[in-house]
Amino acid sequence: MKCVICHGEVIKVMDVREKVVIGNDVVYVPIKVPVCKTCGERYYDRRTMQFLEEVERKLNKTQAGLKEVGKVLMYEEKG
Ligand SMILES: [Zn+2]
């Protein structure tokens, strides 16, 4: 398998944190996906996409299973 973006040949399945945005909150969802070692492009299969959609649907209803690991902040230029 070659990377469609950079044509790199090193693509490895890695543990990554996928960001799911729920309102103003960002939730990291740990998943395993093939990642291009050269450019960082992630290759999601159908099952992973469905899993992420499922998690997003669930999180829109309940916060169960979440723990706070950081904050999401916004910078506002003054003056
Ligand atoms: Zn690549």
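The lining of the largest pocket comprises 12 nonpolar, three polar and six charged residues. Here Ala, Val, Leu, Ile, Met, Phe, Trp, Tyr, Cys and Pro count as nonpolar, Asp, Glu, Lys and Arg as charged, and the others, Gly among them, as polar. The model is predicted: local features need pLDDT of at least 70, side-chain atom pairs count only at pLDDT 80 or more, and totals for chains, interfaces and linings use all residues. Residues are numbered from 1 along each chain as its sequence is written, and side-chain values use heavy atoms, with hydrogens and water left out.

Of the 21 lining residues, Val-26, Val-27, Tyr-28, Leu-66 and Lys-67 lie nearest the pocket centre. A pocket is an open set of points on a 1 Å grid over the protein atoms alone, where a 1.4 Å probe fits, with protein on both sides within 12 Å along at least five of seven lines; lining residues have an atom within 4 Å of a point. β2 gives the most to this lining, with six residues.

The largest nonpolar core has 11 residues, including Val-16, Ile-31, Val-33 and Leu-52. Such a core joins buried Ala, Val, Leu, Ile, Met, Phe, Trp, Tyr and Cys residues through side-chain atoms within 4.5 Å. Buried means under 20% relative accessible area (1.4 Å probe, protein chains only). Buried residues make up 23% of the 79 residues in the protein.

The C-alpha atoms fill a box of roughly 45 × 40 × 20 Å, taken along the principal axes. Contacts (heavy atoms within 4.5 Å) link Val-33 to Lys-12, Tyr-43 and Thr-48, among others, not counting residues up to four places away in sequence.

How values were computed. Buried < 20%, exposed > 50% of the residue type's maximum accessible area, 1.4 Å probe, protein only. Helix = DSSP H or I, 4+ residues; strand = E, 2+ residues; numbered from the N terminus.
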